[in-house]
Amino acid sequence: MAEKRFTVSSFLKAKKNGEKISMLTAYDYSTAKLLDEAGVDSLLVGDSLGMVMLGYENTLQVTMDDMIHHCRAVSRGAKRAMVIGDMPFLSYHVSIEDSIRNAGRLVQEGGAHAVKLEGGREVLDKIKAIINAQIPVIGHLGLTPQSINMFGGFKVQGKNEEQAKKIVEDAVLLQEAGVFSIVLECVPEGLAKLISQRLDIPTIGIGAGKYCDGQVLVTQDMLGMYTDFVPKFVKQYSSLCDLIKESTKKYIEEIKEGSFPAKEHIFKIDNEVLEKLY
Ligand code: KIV
């Protein structure tokens with residue numbers, strides 16, 4: 001029998017029971033299937049796909065159509081993990097109506113179980129409207145990459161009193177608005193600890209230390225597959241970069257020397273049939 005799906009209630013139950021939540025990004029079917037089979041609790045179809053999959057410099061060029069395309073693939077591969085679709089830049093900034101429609105597309109067309117969007121007080125009206133439309137929302141505070149031009153780069157957030165106070169207040173506001181979890185990205189560990197203790201909903205950290213209620217990493221970072229930029233908070237559990245390059249070199253070598261394909265890789269035809277063709 002298939003294992004039970006990890007849901008919004010599972011997030012809340014995990015926090016209550018002091019069990020840590022695991023989350024990884026996924027952008028395609030076969031990776032999602034592997035991560036799901038390995039038992040990850042949730043798969044985030046992050047707009048980081050703009051950088052990791054599409055080779056953009058940041059996430060700002062990612063569109064709703066990009067997100068839906070990748071969300072669909074991940075949803076097909078995830079049997080147990082909760083699939084969270086990231087709302088890309090400008091998909092929830094223009095109007096409430098637009099925000100509901102775009103969140104709805106991630107669920108209806110992309111097969112997501114929830115959506116994530118960046119920001120605090122400035123997007124509260126959009127968050128409330130999306131939740132009212134019965135779509136679970138996960139918040140995202142701290143270093144919110146869609147605001148990179150406002151921040152002036154990928155910088156740790158919440159180091160001074162003013163910034164830290166705003167992040168704590170925003171976290172409480174998001175919880176009151178009804179989000180079921182909050183991603184805390186690139187904030188000092190002490191601040192993430194305080195927020196995690198203050199909230200009833202789980203925090204999911206990325207570069208936010210060990211006191212968060214769960215952790216998320218970009219899968220390609222975790223597996224050592226994406227090396228354009230490796231942030232300090234990333235732990236590489238494998239070096240797939242090396243493995244992929246070594247395997248590819250071997251493949252090229254075997255083609256050149258004629259040892260691939262070998263007997264076991266070919267299909268046969270009866271000689272009588274073949275002779276008639278000569
Ligand atoms: O887009 C993404 O992958 C994210 C995570 C890094 C949290 O937002």
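Predicted model: local features only at pLDDT ≥ 70, side-chain atom pairs only at ≥ 80, totals over all residues.
Buried, in these legends, means under 20% relative accessible area.

View 1. The C-alpha trace spans about 80 × 40 × 35 Å along its principal axes. Of the 278 residues, 47% count as buried.

**View 2. Helix 5 and its buried residues.** Helix 5 covers residues 96-108, which makes 13 residues in this element. From the first C-alpha to the last, helix 5 reaches 18 Å, close to the 18 Å expected at 1.5 Å a residue. Look here for the buried residues of helix 5: Ser99, Asn102, Ala103, Gly104 and Leu106.

**View 3. Helix 2 packs against helix 4.** Here we move to residues 29-38, which form helix 2, and residues 64-77, which form helix 4. Their axes lie 7 Å apart and meet at an angle of about 40 degrees. An angle under 35 degrees would count as roughly parallel and one from 65 to 115 as roughly perpendicular, so helix 2 and helix 4 are oblique to each other. Their crossing is right-handed. On the helix 2 side, the contact is made by Tyr29, Ala32, Lys33 and Asp36, and on the helix 4 side by Ala73, Val74, Arg76 and Gly77. Sorted by class, this contact has 4 nonpolar, 1 polar and 3 charged residues.

**View 4. Helix 6 packs against helix 8.** Our last stop pairs helix 6 with helix 8, which runs over residues 161-177. The two helices pack at an angle of about 25 degrees, and 9 Å separates their axes. Because angles under 35 degrees count as roughly parallel, helix 6 is roughly parallel to helix 8. Helix 6 passes helix 8 in a right-handed crossing. To find the contact, pick out Leu124, Ile127, Lys128 and Ile131 in helix 6, which meet Leu173, Leu174 and Ala177 in helix 8. These residues divide into 6 nonpolar, no polar and 1 charged.

Note on methods. Residues numbered from 1 in each chain as written. Heavy atoms only, no water. Axes fitted to C-alpha atoms, helices over the stretch in contact; angles between N-to-C directions. Helix = DSSP H or I, 4+ residues; strand = E, 2+ residues; numbered from the N terminus. Parallel < 35°, antiparallel > 145°, perpendicular 65-115°, else oblique. Left-handed = near helix turned anticlockwise from the far one by under 90°. Contact = heavy atoms within 4.5 Å. Nonpolar A, V, L, I, M, F, W, Y, C, P; charged D, E, K, R; others polar. Expected span 1.5 Å × (residues − 1). Buried < 20%, exposed > 50% of the residue type's maximum accessible area, 1.4 Å probe, protein only.
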